[in-house]
Amino acid sequence: MPAANSNSPLPGAAPAVGVKVEGLAKRFGTFEVLRGVSFTVQPGEIFVLMGPSGSGKSVLLKHLVGLERPSAGRTLVAGHDGADPATRERVRMALVFQAGALFNSLSVYDNLALYPREHRLGDEAAIRDRVMRALQILSLENAVHKLPAELSGGMKKRVAIARALVMEPQLLLYDEPTSELDPVMSATITEIIATLRQRYQVTSIVVSHDRDLALSIADRVGILMGGELVFLGPPSDLRQPTDPRVADFLNPRIDLEHPRFKHLET
Amino acid sequence: MSTSSLSSSPAASGTSSVTARLLAWLPNPLLQVLHGTGSTLLLLVRSLRHLPSLPRQFGRFIEQCHLIGYTTMPIVGILSFFIGSVLALQSGHAGENVGYKQFIGALVGLTMARELGPVMAAVLLAGRVGSAIAAELASMKVYQEVDALETMNIPPERMLVLPRLAAVLTMMPVLTIMADLVGWFGGAIVAQYTHFISIEPASYFANLRQYMDFGDVLNGLIKAEVFGLTVVLVCCNIGLNTRGGPREIGASVTRAVVTSLILILVLDFFVTKALM
């Protein structure tokens, strides 16, 4: 089995790609989820997109892989329109879903082997090597024959990352990778994201609420509120935010005298 | 194919404003029927586009043949036996005084082959297999497994729909012939052992052969293929268009089975008329 701890890109991996989001707007009926969001992600960069629940982070991520179509504006992945299904053939993109989205009827091994089998990327021995290497990187060798239902929350997230890794992606998207995990497991997943970028130079876009993740591994951070990008810059700028909305989001004060939920819009 | 194309509503799928205004004139139930018909036919076309990939999906095809055909056989057998039996019983009872009970073999034979064999096989397919397909695909959609396939550039039509379509087209004739045969034998047993009928199996089957030919069986097989294809397509389409949570999965299963049953009976009339 090939060494899993080499610092070279995965065999067959193509160079990392850049991402450009131009005036992206999305409307569901009369509800505006995204309102003209624009930013650029450089190849090999870790870009963390933060924001309160319902601010449109996951919807934005789905636009990049063509799971949603924009109401206005566009997304460009390596210069190709993200809404065009052909982009998925030109650029290898992998999305790590919030709940894993593992195929429940397949074992961990078959979950990982599905992509290379369907795209006929070698014989069964080559596929086995590829799958085992990904499992080894995420320290999941012992889970190879388990079904997703038999895995803990943290393991499911790691299997989902391993499944994305098998695709040898040029762009790796994470949707809330540390949600519903204990602090230690959150730190583990954060380390995995940073390690994968360091070893394989893959462009990573991480949608997260996790302030520690953003401050520790992001090259740049974007904060989305009410469908608009209210902050874009390096994580160091977040330590003393000037925008009160950003400051409140990052360091919410618990005020039992004037509880926040009583002022929330319905 | 994007998720939105699987699930978009007619008005929201980029239709021009003129078309959208025209569609707004139509009553909502009619719009839903048109949308359902259109998306189901589109799913068929998209699935057929992947036909060349079928040989390398042989494993999935066999698995679906097992689920659609083999596991449905016992219930088709039991129901067909009693349908043939009750046909013989009713016609024997009604014909006792009129004097046509010697035609019971032909009556049971033709009714099973041309009508009840394919219809009962399709009804059981909808209840047993259609509901399972709708539940599985709806659950895969709700829990983002279908989205995961799309991000992996694996078209859901190729992996989830095409093997099921091929399997139902292969197994429906088997189920229908089995329903016909078991129904005929059910009728023969009742005809022999019911005191007011008392027709020997030899004369029952002689009468059946006298008034039937292969065309009658073929007629039923054509109907069965149409019903089977419709049930699987409708259930796949409804499953893949599910949005929401567990309650919507349940609602999709109900809608898939009810739509399938209605379509079986509506199509039965038109296909029967077309084959006459």
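The model shown here is predicted. In chain B, α10(B) and helix α11 (residues 246–275) pack at an angle of about 150°, and α10(B) and α11(B) are therefore roughly antiparallel to each other.

**Chain B as a whole**

- The secondary structure of chain B consists of 11 helices and 0 strands.
- The C-alpha trace of chain B spans about 70 × 45 × 35 Å along its principal axes.
- Chain B has 276 residues, of which 44% count as buried.
- Among the contacts in chain B with a separation of 6 or more, 87% come from residues 24 or more positions apart.

**Helix packing in chain B**

- Two packed helices are described by the angle between their axes and the distance between the axes.
- For α10(B) and α11(B), the axes are 9 Å apart, and the crossing is right-handed.
- On the α10(B) side, the residues that meet α11(B) include Asn219(B), Ile222(B), Val226(B), Val234(B) and Ile238(B).
- On the α11(B) side, the residues that meet α10(B) include Ser252(B), Ala256(B), Leu263(B), Leu267(B) and Val271(B).
- By class, the contact of α10(B) with α11(B) comprises 13 nonpolar, 6 polar and 3 charged residues.
- Helix α6 (residues 104–142) of chain B also packs with α10(B), which covers residues 214–240: their axes come within 8 Å and cross at roughly 15°.
- With that angle, α6(B) and α10(B) are therefore roughly parallel to each other.
- The crossing of α6(B) with α10(B) is right-handed.
- The contact of α6(B) with α10(B) contains 20 nonpolar, 6 polar and 5 charged residues.

**Domains of chain A**

- The domain assignment divides chain A into domain 1 (11–92 + 170–230) and domain 2 (102–167).
- The C-alpha centres of domain 1 and domain 2 of chain A are 23 Å apart.
- Domain 1 of chain A gives 9 residues to the contact and domain 2 of chain A gives 8 residues.
- On the side of domain 1 of chain A that touches domain 2 of chain A, the most comes from helix α6 (residues 183–200) of chain A, with 4 residues.
- That side of domain 1 of chain A has 7 nonpolar, no polar and 2 charged residues.

**Helix α3 of chain A**

- Which residues of helix α3 (residues 108–118) of chain A are buried? They are Val108(A), Asn111(A), Leu112(A), Ala113(A), Leu114(A), Tyr115(A) and Pro116(A).
- The cover over the buried residues of α3(A) includes α4 (124–137) and α5 (153–166) of chain A.
- Just after α3(A), Arg120(A) has a positive phi of about 50°.

**Contact between chains A and B**

- Chain A gives 18 residues to the contact, and chain B gives 14 residues.
- On the side of chain A that touches chain B, the elements giving two or more residues are α2 (87–90), β6 (93–96) and α3 of chain A.
- The largest share of that side of chain A, 3 residues, comes from β6(A).
- By class, the side of chain A that touches chain B has 12 nonpolar, 1 polar and 5 charged residues.

Note on methods: Residues are numbered from 1 along each chain as its sequence is written. Chains are lettered from A and ligands numbered from 1 in the order in which they are written. This is a predicted model: local features need pLDDT of at least 70, side-chain atom pairs count only at pLDDT 80 or more; totals for chains, interfaces and linings use all residues. Axes are lines fitted to C-alpha atoms, for helices over the stretch in contact, and angles run from 0 to 180 degrees between N-to-C directions. Angles under 35 degrees count as roughly parallel, over 145 as roughly antiparallel, 65 to 115 as roughly perpendicular and the rest as oblique. A crossing is left-handed if the near helix is turned anticlockwise from the far one by less than a right angle, and right-handed if clockwise. Ala, Val, Leu, Ile, Met, Phe, Trp, Tyr, Cys and Pro count as nonpolar, Asp, Glu, Lys and Arg as charged, and the others, Gly among them, as polar. Domain bounds come from an automatic or database domain assignment. Two residues are in contact if their C-beta atoms, placed from the backbone, lie within 7 Å. A residue is buried if 20 or more other C-beta atoms lie within 10 Å of its own, exposed if 12 or fewer, and partly exposed in between; C-beta atoms are placed from the backbone.
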